[in-house]
Amino acid sequence: MKNRWLIAASAVGLHASIGSVYAFSVFKKPLGQLLESATNNEIAWTFSFAIFFLGLSAAIMGHFVEKNGPRKAGMLAAAFFGGGLLIAGFGAYIQNLYLIWLGYGVLGGIGLGIGYITPVSTLVKWFPDRRGLATGLAIMGFGFGAMVAGPVFNFIIETFTVEGNGIAYTWWITGVVYLVIMFASASYLERPPQGWMPDAMKAAVESGEKKVVEDLTQLTANEAVKTGPFYGLWVMMFINISCGIAVIYAASPLAQESIGLSPAEAAGVVGLMSLFNGLGRIAWASLSDVLGRPNTYMIFFLIQIVAFCLLPNITSIILFQVVLYTILTCYGGGFATLPAFIGDLFGTKELSAIHGYVLTAWALAGLAGPQIAAYVKTTTGSYEMTLYIFAGVFVIALIASLLMKSYMTRARAEMDVAAQTAHA
């Protein structure tokens with residue numbers, strides 16, 4: 001029997017590697033200088049493709065993960081992600097944007113999607129006593145990935161730009177490093193035996209001190225997509241991701257334009273954003289075990305309606321960062337709480353596959369968020385209007401979260417009545 005905390009550590013290693021994609025804003029200006037003929041929108045497509053193929057591959061490969069297990073899936077993710085970075089490095093070396101799109105966007109994005117969903121279902125099964133904490137641990141690594149990667153990428157770019165193509169060397173070096181880390185992490189991943197519980201939980205259940213809360217249903221992925229709650233989750237995630245990912249995409253230039261930071265200082269802000277992205281994942285997911293998943297999402301959207309309205313009017317460096325980092329905790333928390341929410345609604349029978357289907361919202365949001373931000377910036381000359389637009393869109397997400405809470409309250413009451421009737 002493997003140690004579940006080492007399983008969790010392996011999941012963090014896998015996610016921390018692919019989470020480096022959130023440091024892409026560090027590459028924006030250097031890519032613009034390297035590819036002089038490329039427009040701002042064309043460079044934005046590099047990141048958009050990565051997120052699009054993340055969501056697409058997560059949806060398609062969810063059944064592969066369920067069938068073949070987390071070890072094989074994790075190794076496949078490593079091959080795509082690390083290999084994609086090596087190809088993107090060659091594209092940067094010969095200054096070919098299309099090859100960068102292929103390596104970083106398409107192949108790297110496929111690795112992102114497979115690697116993202118691979119450990120989640122496994123961890124939920126290893127932590128039946130703390131489902132929110134488990135998914136928070138797994139997805140926390142994804143948020144923390146760019147905290148280290150942002151400053152490291154910036155350092156390698158500046159170091160090797162003197163000798164040649166800094167972006168190419170950055171992708172070559174990190175591609176090899178991530179291949180090693182991801183292969184090592186994937187090799188330890190394994191599912192627990194069917195119905196496994198930790199000793200403390202098993203004893204509490206057998207003694208009657210603890211009651212196992214049943215999931216509302218036990219559905220396959222193809223059954224889940226035919227239900228209203230699936231689309232409620234999808235809409236909430238699409239809005240939360242679109243708005244958050246636009247901020248991540250534009251973080252470095254936004255910090256430079258709004259409060260006058262230097263490129264190196266802005267790279268530090270990107271790193272700290274990842275810290276709060278990661279902290280938000282573990283904190284909010286753990287809190288959701290207490291608050292309930294619907295209430296947690298309602299809090300996310302209320303906070304962000306206020307934050308997105310405030311951000312364009314802030315001139316204080318400290319206050320700007322506080323609001324920015326708060327947004328990132330909600331963004332990361334949405335991802336980390338999602339798998340537990342899926343388990344509550346649809347059970348764990350095909351959690352990875354359902355998770356992948358919901359993450360098609362990420363695929364579309366990866367296209368929508370950065371492109372809207374880039375378009376409005378090109379049209380108006382600033383990101384201010386984009387932030388106001390997103391504040392308004394969060395109202396729709398809040399309404400969806402209220403409907404989800406209403407549905408779960410009714411469904412749980414019906415289950416209780418049915419259980420009481422059965423006992424009678």
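A residue is called buried when its relative accessible area is under 20%, exposed when that area is over 50%, and partly exposed in between, with a 1.4 Å probe and protein chains only. The structure above is a predicted model, in which local features need pLDDT of at least 70 and side-chain atom pairs count only at pLDDT 80 or more, while totals for chains, interfaces and linings use all residues. Residues are numbered from 1 along each chain as its sequence is written, and side-chain values use heavy atoms, with hydrogens and water left out.

**Exercise 1.** Decide whether Ala374 is buried or exposed, and find its contacts.

Solution. Begin by placing Ala374 in helix 15, residues 360-380, where helices are DSSP runs of H or I with at least four residues, numbered from the N terminus. Ala374 is buried, because its relative accessibility is 0%. Next, set aside the neighbours within four places in sequence, and Ala374 is in contact with Asn40, Asn41 and Tyr249, contact meaning heavy atoms within 4.5 Å. Finally, Ala58 stands 316 residues from Ala374 in sequence, and their C-alpha atoms are 26 Å apart in space.

**Exercise 2.** Work out how helix 10 and helix 12 pack, and check the span of helix 12.

Solution. Two packed helices are described by the angle between their axes and the distance between the axes. For helix 10 (residues 228-259) and helix 12 (residues 293-310), the axes come within 12 Å and cross at roughly 40°; such axes are lines fitted to C-alpha atoms over the stretch in contact, and angles run from 0 to 180 degrees between N-to-C directions. On the helix 10 side, Met236, Met237, Asn240, Cys243 and Val247 meet Tyr297, Phe301, Gln304 and Phe308 of helix 12. Sorted by type, the residues of this contact are seven nonpolar, two polar and no charged, where Ala, Val, Leu, Ile, Met, Phe, Trp, Tyr, Cys and Pro count as nonpolar, Asp, Glu, Lys and Arg as charged, and the others, Gly among them, as polar.

For the span, the expected value is 1.5 Å times one less than the number of residues. The 18 residues of helix 12 should therefore span 26 Å, and this agrees with its end C-alpha atoms, which are 26 Å apart. The buried residues of helix 12 include Tyr297, Phe301, Gln304 and Phe308.

**Exercise 3.** Examine the loop residues Gln95 and Pro128.

Solution. Gln95 sits in the loop between helix 4 (70-93) and helix 5, and it counts as partly exposed because its relative accessibility is 48%. Most residues other than glycine have a negative phi. The phi of Gln95, however, is positive, near 60°.

Pro128 lies in the loop between helix 5 and helix 6 (131-161), and is partly exposed, since its relative accessible area is 29%. Apart from neighbours within four places in sequence, Pro128 is in contact with Trp196, Met197, Pro198 and Met201.

Notes:
Helices (H or I, at least four residues) and strands (E, at least two) are DSSP runs, numbered from the N terminus.
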